[in-house]
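Subject: Structure for your files, with notes

Hello,

Please find the structure below.

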2 protein chains.
Amino acid sequence: MAEEIDRRVRKTRAALLKALLELLDEYPYKEISVKMLTDKADIAKPTFYRNFTSIEEMLQKELDNKANIIFEKEYNELHECTYLDEVTVGLVQNWADNETLLIALYKAEMDSKVCESFARYSARYINILNKGGTIDINSLKLRYFSGGIYCAVRTWLLSGRKSPIKELSDIMALGLFPMITNKAIHLSRAEKRDQ
Amino acid sequence: MAEEIDRRVRKTRAALLKALLELLDEYPYKEISVKMLTDKADIAKPTFYRNFTSIEEMLQKELDNKANIIFEKEYNELHECTYLDEVTVGLVQNWADNETLLIALYKAEMDSKVCESFARYSARYINILNKGGTIDINSLKLRYFSGGIYCAVRTWLLSGRKSPIKELSDIMALGLFPMITNKAIHLSRAEKRDQ
């Protein structure tokens, strides 16, 4: 029974997100109302308000949800990581697979909220890579990294992925590396050979 | 005569910006109308519309204007730069002196526009430091740098400047350095000694 409800909630949320992305092709974010959204998704307005208080909250929850899923996907790889650039390819790819959500967040001018979320998750990634060491989540370096990578990813997606994904994942690896204190992790296979 | 008009325009713009910053202490950005703004600034509504089409455009112009002033201020120092970290202290300080404008842009959710502006200006700074070399303004590395530094500066300002300014200017120098191709420029005096 709980599973059935869960499945229904998941379906509702997926329909709402799909409808929002379609509406964003036609209207500026600020002109989209909850009514327009529920009409498009063919869902009753009260159903929307049982799940969210606003479209912004809906987007924030979709972001947190997606970030959790990607984190769980990457969890094992992070534990076994030896070469940072090989993990960052997967990370960038996972976010690129959710391109439409990122573009919706951008269109909704929620950039600073995405950066905050990226900072929280980056800290979790780094803590695993550091094997028990912790990183100060409020550090300016972490904000520099997460804000920077968000902007680079956004530009990359908006340009239609003009550059190869490796360029982006290398920037990510280079930005993360100074925060990794675990000496068993190298930036890349090439960097290890150079030592 | 032209100077007189110029002076009047400058005064009007300063009064409008001051009024906007005061209103932002009381109201969320989205609730502030042009009428509220011109009433607060004691300026006629048509005067506002002679200068701007919207509050957002006003903020964008203030940002461009400020970025130009800071660029001109730094211009000579950039030409004579030998140690990057000594130039970035000045740059961070200049932006910190315009804290209220940056916070207004943040409250107006114009983060991505600030990042774009930072990217354009960063390219100009780097081109001077490279002495005639040029940097691709659309490069992902430049977006990483400008988005990162904006997020770090924003966090720093919103925290009430909890960390010393040197921490921020060092992050900035470290982020810029990989894009500097001019071999006569060093990251810091200490880095030069280490060579």
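Helices here are DSSP runs of H or I with at least four residues, numbered from the N terminus. Please keep in mind that this is a predicted model.

By that numbering, Lys61(A) and Glu57(A) both belong to helix α4 of chain A (residues 55–79), where they sit four residues apart, about one turn of the helix. An α-helix has 3.6 residues a turn, so residues three or four places apart point the same way. The side chains of Lys61(A) and Glu57(A) meet in a salt bridge, 3.3 Å from N to O. Lys61(A) is partly exposed, at 34% relative accessible area, and Glu57(A) is also partly exposed, at 25%.

Lys35(B) is partly exposed, with a relative accessible area of 45%.

Another salt bridge in chain B joins Lys30(B) to Glu109(B), with 3.5 Å between the closest N and O atoms. This pair links distant parts of the chain, 79 residues apart: Lys30(B) is in the loop between α1 and α2, and Glu109(B) is in the loop between α6 and α7. Lys30(B) is exposed, at 54%, whereas Glu109(B) is buried, at 19%. Over all chains, the count comes to 30 salt bridges.

Helix α7 of chain B covers residues 111–129 and reaches 26 Å from first to last C-alpha, close to the 27 Å expected. Of its 19 residues, 14 are buried, so α7(B) is largely enclosed by the rest of the structure. Lys131(B), which follows α7(B), has a positive phi, near 50 degrees.

Now the interface. In chain A, 26 residues are in contact with 26 residues of chain B. The two chains bury about 2,200 Å² between them, 64% of it on carbon and sulfur atoms. Glu109(A), Leu140(A) and Tyr144(A) supply 34% of the area that chain A buries against chain B, more than any other three residues. How many salt bridges cross the interface of chain A and chain B? The rule finds zero, and it also finds zero residue pairs in polar contact there, counting pairs with both residues at pLDDT 80 or more. On the side of chain A that touches chain B, α7, α8 and α9 of chain A each give two or more residues. The most come from α8(A), with 13 residues. That side divides into 11 nonpolar, six polar and nine charged residues.

Regards

Notes
Residues numbered from 1 in each chain as written. Chains lettered and ligands numbered in written order. Predicted model: local features only at pLDDT ≥ 70, side-chain atom pairs only at ≥ 80, totals over all residues. Heavy atoms only, no water. Expected span 1.5 Å × (residues − 1). Buried < 20%, exposed > 50% of the residue type's maximum accessible area, 1.4 Å probe, protein only. Contact = heavy atoms within 4.5 Å. Buried area = accessible area lost by both parts, 1.4 Å probe. Salt bridge = Lys/Arg side-chain N within 4 Å of Asp/Glu carboxyl O. Polar contact = N/O pair within 3.5 Å; in protein donor to acceptor, adjacent residues only side chain to side chain. Nonpolar A, V, L, I, M, F, W, Y, C, P; charged D, E, K, R; others polar.
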